[in-house]
Amino acid sequence: MANFIENTLEKGEKVVFQGRLHWIFNWEYLFGGVALVLISVILLIINFSLNYEDSDEYSFVFAIVCCVGIAIGLGLIGWANFIRSKTEFAITNSRFIQKDGIFNIKMTEIPLFKVETVNFYQSFLERILSTGTIELVGSGGTSHKLSYVQEPFKVRNLLTTYMKENKAKE
């Protein structure tokens, strides 16, 4: 995870925190994959528990379809984790860095001395799941939002701490 961000560090710059997106980032893929696997396994168990006398051929085809459903469901779960792993962000002692993308890479860098405020958003469900949204508002009024942050309050505290340190250096 850290290879891309570590390659962009400037002289004397250190990574203070490396963040990840929460697993709920791709909840559609995860929910769909888990549901497909569960339904396929249940149908496979039902298929083998029923006693077919005349239709062994249909039982075999149905078992193949269930196995394909399990494979697709596991593929969806794997894809969700792969996509999640390709978004990384870090807080260094002087800036915030975010990298998105697999083939086409988008990198956002915000010097911490240019950040005016750090906004923090968290719904009740997000509090239960320990995720939230961080918004960095820059000196020109520009903002950068990062949703589904794992441990968002810790990220907010680190950003404000290093933001104040960088402004004191000016």
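Select tryptophan 79, which counts as partly exposed because its relative accessibility is 41%; buried means under 20% relative accessible area, exposed over 50%, and partly exposed in between (1.4 Å probe, protein chains only). The model shown is predicted, so local features need pLDDT of at least 70 and side-chain atom pairs count only at pLDDT 80 or more, while totals for chains, interfaces and linings use all residues. Residues are numbered from 1 along each chain as its sequence is written, and side-chain values use heavy atoms, with hydrogens and water left out.

Helices (H or I, at least four residues) and strands (E, at least two) are DSSP runs, numbered from the N terminus.

**Aromatic pairs**

How many aromatic pairs does the structure hold? There are five. Rings of Phe, Tyr and Trp (its six-membered ring) pair if their centres lie within 6.5 Å; planes under 30 degrees apart count as stacked, over 60 as edge-to-face and the rest as tilted. Select phenylalanine 17 and phenylalanine 89: their ring centres are 6.5 Å apart and their planes meet at 50°, so this pair is tilted. Phenylalanine 17 belongs to strand β1 and phenylalanine 89 to strand β2 (residues 88-92), so the pair ties together parts that are 72 residues apart in sequence. Both phenylalanine 17 and phenylalanine 89 are buried. Return to tryptophan 79 and phenylalanine 82, whose ring centres lie 5.7 Å apart with planes at 35°, so that pair is tilted. Phe96 may now be selected, for Phe17, Phe89 and Phe96 form one aromatic cluster.

**The sheet**

Display the strands next. In what order do the four strands of the open sheet stand? The order is β1-β2-β3-β4, with antiparallel pairing. The edge strands, each pairing on one side only, are β1 (15-19) and β4 (106-111). From one strand to the next, the twist averages 15°. Two strands pair if DSSP finds at least two bridges between them. Strand β3 (residues 95-100) is joined to β4 by six bridges, and the two run antiparallel.

**Glutamate 13**

Move to the loop between α1 (2-7) and β1, where glutamate 13 lies. Is glutamate 13 buried or exposed? Glutamate 13 is buried, with a relative accessible area of 9%. Its side chain reaches the backbone nitrogen of glutamate 10 at 2.8 Å. A polar contact of 2.7 Å also links the side chains of glutamate 13 and arginine 95. A polar contact is a pair of N or O atoms within 3.5 Å; within protein, one must be able to donate a hydrogen and the other to accept it, and residues adjacent in sequence count only if both atoms are side-chain atoms.

**Helix α5**

Finish in helix α5 (residues 152-169), which contains threonine 160. Threonine 160 is buried, with a relative accessible area of 12%. Which backbone oxygen does the side chain of threonine 160 reach? That side chain reaches the backbone oxygen of asparagine 157, at 3.0 Å.

Definitions and conventions:
Axes are lines fitted to C-alpha atoms, for helices over the stretch in contact, and angles run from 0 to 180 degrees between N-to-C directions.
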